[in-house]
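Good morning, and thank you for joining.

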Amino acid sequence: MNLIPYINPLSDESLKIVSQNSNLNETFEYNNGLVDTINRSSNQNLESSHVPISIGDLAIKRINWYIERKNNKNYKLSDYSYLFNKDILKFDVIAFHMLAQAVATKFNISSRETKLFIESEGSLILDRLNRLLTNERQDMVDSILKQLSITQGSRWTILKDIIDNRNLSLTNLCINNGEIILSKEDFLNAYNDKFHNRRPESMYDMLVGENLKEQIVSNMIMLNTENYIKMIKEKSSFVNIHSNIEKLGSDVEKTISEEMTKYSTFYANANNFKIGKLIREAFPPCIYNTVNGVSSGGRNDAIVLLLTSFVSYARLYPGIFASEGGVKVSDIDKNLVITENEILPLIYEAADNCTPPLFEDQPQEKINIISKLGFGMHDSPDLNHEGETKWYTPMSCEKIKMHLPQLCKADKDCKKINNPLSCYGIKKNRLIREGKIKEEEKKN
Ligand code: SF4
């Protein structure tokens, strides 16, 4: 069996599989061949909730797998063994292409959903390679590099885009006269007489090695996946979207939202960080001073950068620094009710308390506040724009002391912390212990 499509779903072989076997009308229909393959996957958990029965189900399970693997400390490989059964290849390639269409037509290219799909592909490639026999794995990587036109004599600039994306560092590459060295043979030809007291073969393993080649393969396929999504997106404005692709897009949105809510709650509750009403009495001195109004020096940064990020995370996701991030406001505040009724009013109140009031002379700062919440450059939060910008994480004490020193009036709770969120947690927990916070204020 030609295994290239198992690793590269965008290869010519993969496109042939899709054109010969894919039928969008059957996306959610029971697929005997798929179920049979899953039943034959070694160590697979065969409980019905873990067995996808259609290509659409398999596409969603690919997303589930990535989120679980990344976030769940009790993740069980046996729930997803079929993803590492080479016989899944045909079904998996079709699921990948359906997912790409669903993501391209439903989400922005910069959205968390699109990024998550692309990342999941990169991760799946590395995990699959990891499970191949050594020879099989090296042959596969070399074949795919060749297909990607990364061969002996390739200029390093062929990797420029993945270096620009910061997925690969230039310093990880071995470059000789502008050409990338990847194979042991080329390395030995170029440097055999340069090492004394060290075996050149060991130096190759240390400086280049199979791991670098696999990283390049994974990152190049991720980059090609992103370009493929952009291409589908451009074309989708001229064609009718199949109803099953629309349904798959909605399923992806629901799955990611549910999974991430599960883990954001998990992380938010870790280390005694609890999501709950904002308690003004627990604000650290720098935040308290900002809410009471800032005079013109540092006024904009205090409201837009410091307060917006602090208030939104303190209310919705206080455990941000105990997690790997990847959460958006609507994972916790689904209809943006909390954002519109609690978070923005507090920020706007602080803006009004400034001298002069912030929006009086700089109304455009409202757009900057919305953008720092992750909703792009618009004057109000809208779920359709979420992901266009990043939800800005709270400033550290070090940055506040450097850029807004007049606001930092450290008190006893500021010892041994490096972020106002931690100070807020300490103060809030003490108020709870002392019975000074009413029961209803502790709840969402
Ligand atoms: S030490 Fe940190 S939390 Fe405390 S007032 Fe200064 S900046 Fe704020």
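Three helices each supply at least two residues of the shell around the ligand: helix 13 (285-291), helix 19 (397-403) and helix 20 (420-433). Helices here are DSSP runs of H or I, at least four residues in length, numbered from the N terminus. This is a predicted model, in which local features need pLDDT of at least 70 and side-chain atom pairs count only at pLDDT 80 or more, while totals for chains, interfaces and linings use all residues. Residues are numbered from 1 along each chain as its sequence is written.

The shell comprises P284, P285, C286, C397, I400, C408, K409, A410, C414, P420 and C423; a residue counts as near the ligand if its C-beta atom, placed from the backbone, lies within 6 Å of it. By class, 10 of these residues are nonpolar, none is polar and one is charged. In this scheme Ala, Val, Leu, Ile, Met, Phe, Trp, Tyr, Cys and Pro are nonpolar, Asp, Glu, Lys and Arg are charged, and the others, Gly among them, are polar.

I turn now to the domains. The assignment, automatic or from a database, gives domain 1 (4-258) and domain 2 (273-442). Their C-alpha centres lie 38 Å apart. Five residues of domain 1 are in contact with five of domain 2, contact meaning C-beta atoms, placed from the backbone, within 7 Å. On the domain 1 side, the touching residues are four polar and one charged, with no nonpolar residue.

Finally, L307: leaving aside residues up to four places away in sequence, L307 touches I287, T290, A302, I347 and A350.

Methods:
Contact = placed C-beta atoms within 7 Å.
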